[in-house]
Amino acid sequence: MSTQPTEWKPELYNDKHSFVYTYGENLILLLDPKKNERILDLGCGSGQLTFKINELAKETIGIDQSQEMIDAAKLKFNKIEFLVGDAEDFKFNEQFDSIFSNATLHWVKNYKRAIKCMFENLKVNGKIVLEFGGKGNVQTIVNQLKGSLRYRGYHEQSKLDLWYFPSIGEYSTALESVGFRVLLAEHYDRPTELSDEKSGIKDWISMFAESFFRNVNPVHIEEIKNEVQEKLKEECLINGKWFADYKRIRIVAIKEKVLNNQ
Ligand code: BEZ
């Protein structure tokens, strides 16, 4: 969200990276929205999951840091409220029954502020249902990308740390420290098939990791993307299909009632 350095391209996202919200549909089962509930979709992207949640809930609001994504969401789902907002700094007048977030919180480097915002914007006994990149996420791709940058002398770019991929121990502890009770915390491998058989890894880099190429000679950009994809064939090309080495963290937690004597 506020720390997202990427310029989002809703067409490329919907066209070749729709797996982001397809996988997220599964998470809605955990959210289990009810007809009387008001729900926040934090990092709603182009609004596909917000729409699905809204079908089951009383009201759903989607926020995202990207103006481009919010414009695309409003255009497609014009009955839903979508707002540009920052996961590290948001405040609504009315608290929510649940907060849902799919594939967003790894962009939020100041995770403690995001956790505080979620807590403050939730009713007592309200629930958060979160999924995002966990420890070791996309490490194979990123290690190779950094190696190819370093090889060409782009040392600063190769040191970039764009995302926050925590362990469940670290994230659960941070949640508990503000007053959440963590009901479920999972860290699991989810090799994720990329849609384009010719340029799967290259497209992934263009969509999500273009920031590594700031101040890189344009001649080298395509060369590096080609090299990364080529070098990852053994690990990431399986039966003619490209896979990204996603590792997910999945959390369900409840905002506990604060007792006077605690
Ligand atoms: C992810 O969903 O795991 C992810 C997406 C973009 C960049 C890094 C990770």
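Reply: Happy to! Let's begin with a sorting rule: Ala, Val, Leu, Ile, Met, Phe, Trp, Tyr, Cys and Pro count as nonpolar, Asp, Glu, Lys and Arg as charged, and the others, Gly among them, as polar. Keep in mind that this model is predicted.

Me: How do the residues of the shell around the ligand divide by that rule?

Reply: Six are nonpolar, two are polar and one is charged. The shell consists of His106, Trp107, Asn137, Trp163, Phe165, Trp204, Phe208, Tyr246 and Arg248. The protein covers 98% of the 260 Å² of accessible area that the ligand has on its own.

Me: Which side chains place a polar atom by an oxygen atom of the ligand?

Reply: Look for N or O atoms within 3.5 Å of each other. Asn137 has a polar side-chain atom 2.6 Å from a ligand oxygen, and for Arg248 a side-chain N or O atom is 2.5 Å from one.

Me: Which domains supply the shell around the ligand?

Reply: Both domain 1 (1-133 + 166-191 + 246-262) and domain 2 (136-162 + 194-244) give at least three residues each. Their C-alpha centres lie 27 Å apart.

Me: What about the largest nonpolar core: which residues touch the most other members?

Reply: A core is a set of buried nonpolar residues joined through side-chain atoms within 4.5 Å. Here the largest has 30 residues, and Leu145, Ile201, Trp204 and Ile205 touch the most other members. Helix α9 gives the largest share, five residues. A second, separate core of 29 residues includes Leu40, Tyr111, Tyr171 and Phe180.

Note on methods
Residues are numbered from 1 along each chain as its sequence is written. This is a predicted model: local features need pLDDT of at least 70, side-chain atom pairs count only at pLDDT 80 or more; totals for chains, interfaces and linings use all residues. Side-chain values use heavy atoms; hydrogens and water are left out. Domain bounds come from an automatic or database domain assignment. A residue is near a molecule or strand if one of its heavy atoms lies within 4 Å of it. A polar contact is a pair of N or O atoms within 3.5 Å; within protein, one must be able to donate a hydrogen and the other to accept it, and residues adjacent in sequence count only if both atoms are side-chain atoms. Accessible areas come from the Shrake-Rupley method with a 1.4 Å probe; for residues, only the protein chains shown count as cover. Buried means under 20% relative accessible area, exposed over 50%, partly exposed in between (1.4 Å probe, protein chains only). Helices (H or I, at least four residues) and strands (E, at least two) are DSSP runs, numbered from the N terminus.
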